[in-house]
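Subject: Handover of a structure for your review

Dear colleague,

Please find below the sequence and the structure that I am handing over to you. I would be grateful if you could look through them alongside the notes that come after.

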Amino acid sequence: PAKMGGDAARMALEQAGIEPNRLEATFCGNIGNAPNLAQRVNGEVGVTGLPAFNHENACASSSAAFRQGVLAIGNALHDYVLVVGVENMTVHIAMGVVGSGPLVLPHGANLEADNGMLMPAGFSLTGRRHMHEFGTTAEQFGMIAVKNHRNSALNPYAQYQKVVTLEEVMTSRMVSDPLTLYQCCPIGDGAAAVILTTAENARKHTTHPVFVGGSVLTSGKYKASAEGPPRIQACVNAAQECYEMAGVGPEDLDVVELHDCFTIHELLAYEDLGLCPKGEGGKFIEEGRSDYGGDVVVNPSGGLLSKGHPIGATGVAQLVEVTWHLQGICGERQVPDAKVGLTHNGGGFGPGNEPGAMSITMVST
């Protein structure tokens, strides 16, 4: 993990035109299988002795690290900080023990999980509720996978770079009805990094600075989504807070990287983020409004479904993708004239099927 994090950090420093010795602190997101990882990443880029902070918040681990980096810069604690997210899911080595695959909570740690409410099952039930209430079809969920795989084919950093048809998506192995295999994100290894500094300093290094307009991290409230239409209330709350903080609304967004761990989650997020009214997520994807030429381009990277979901790296990877679009350096997958972007990153299970963490970040040129 440290080498992956170091590689990502060096790339970020090089793109930013900043020498490693300018860094004053490091914030690292990882689900916890690599102790003192921030310190080890620092060693990989040749700096030591810095304050180093390691953050675990399930899939939102590096988003939590990013928010703390934003607060450190915003409160004048530091001038330059490194934020990095890293995950090694295929093989993790801790205390001399080698294991493979993602970590699983032990029995008794989470009531919902003990009763079979794992991620695919939880989102499948929500998707079925959406279908019942609003007439959403299984094929509309599948269209999200088609869109995101098509986008990933233009992303050299994506785990999968293959276009798939709707028929292939719908006939792939059933995981948890209506979710088929191609509608579920894969596991994988990866790392991503960004450099944070003040607006004044940023202008010394680039003619295309990207500014953080809002960064919100919250957690789910007990039974917050138990009544009313299917939604993730923590997302609704965090998005509203971030819009108010940044002084923009969903109608101003050009590009969004959101947490499509499953196609159902992306469709829910369309509505929870205010990209379309509640109940119209199926229509939103079917009419191409979340694609190039539509209202807003969602997951131009390919999203978690095909870019991949190395848990601790995902939040920062989303921010990197949106930043590149705002800087106009994404090549064939470039969102035209992108000026305002948002990232949406959820983490784990909290009370009553709400997320354990929900992060919304707004960036702009």
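The notes below go from the overall chain to one strand and then to aromatic pairs.

Please bear in mind that this is a predicted model.

Overall chain

The chain contains 13 helices and 13 strands. Its radius of gyration is 19 Å, close to the 21 Å that the globule rule gives for 365 residues, so the chain is as compact as a globular protein of that length. Along the principal axes, the C-alpha trace spans about 55 × 50 × 40 Å. Of the 365 residues, 53% count as buried. As for contacts between residues at least 6 apart in sequence, 74% join residues that are at least 24 apart.

Strand β1

Which strands pair with β1? One is β3 (residues 80–87), which pairs with β1 in the parallel sense over 5 bridges; within β3, V83 is the bridge partner of F27. Another is β2 (residues 52–55), also paired with β1 in the parallel sense, over 4 bridges. Here G29 stands opposite H55 of β2.

Aromatic pairs

The count of aromatic pairs comes to 4. One of them is formed by F123 and F262, a tilted pair with 5.5 Å centre to centre and 40° between the planes. F123 lies in helix α5 (residues 119–134), whereas F262 lies in the loop between β10 (255–258) and α10 (263–272), so this pair ties together parts that are 139 residues apart in sequence. Both F123 and F262 are buried.

Y157 and W324 form a tilted pair as well, with 5.5 Å centre to centre and 40° between the planes. Y157 belongs to the loop between α6 (138–152) and α7 (166–171), and W324 to helix α13 (residues 314–327), so the pair ties together parts that are 167 residues apart in sequence. Y157 counts as exposed, at 52% relative accessibility, whereas W324 is buried, with a relative accessible area of 17%.

With kind regards

Terms used. Residues are numbered from 1 along each chain as its sequence is written. This is a predicted model: local features need pLDDT of at least 70, side-chain atom pairs count only at pLDDT 80 or more; totals for chains, interfaces and linings use all residues. Side-chain values use heavy atoms; hydrogens and water are left out. Rings of Phe, Tyr and Trp (its six-membered ring) pair if their centres lie within 6.5 Å; planes under 30 degrees apart count as stacked, over 60 as edge-to-face and the rest as tilted. Helices (H or I, at least four residues) and strands (E, at least two) are DSSP runs, numbered from the N terminus. Buried means under 20% relative accessible area, exposed over 50%, partly exposed in between (1.4 Å probe, protein chains only). Two strands pair if DSSP finds at least two bridges between them. The radius of gyration is taken over C-alpha atoms; the globule rule is 2.2 Å times the number of residues to the power 0.38. Contact means heavy atoms within 4.5 Å.
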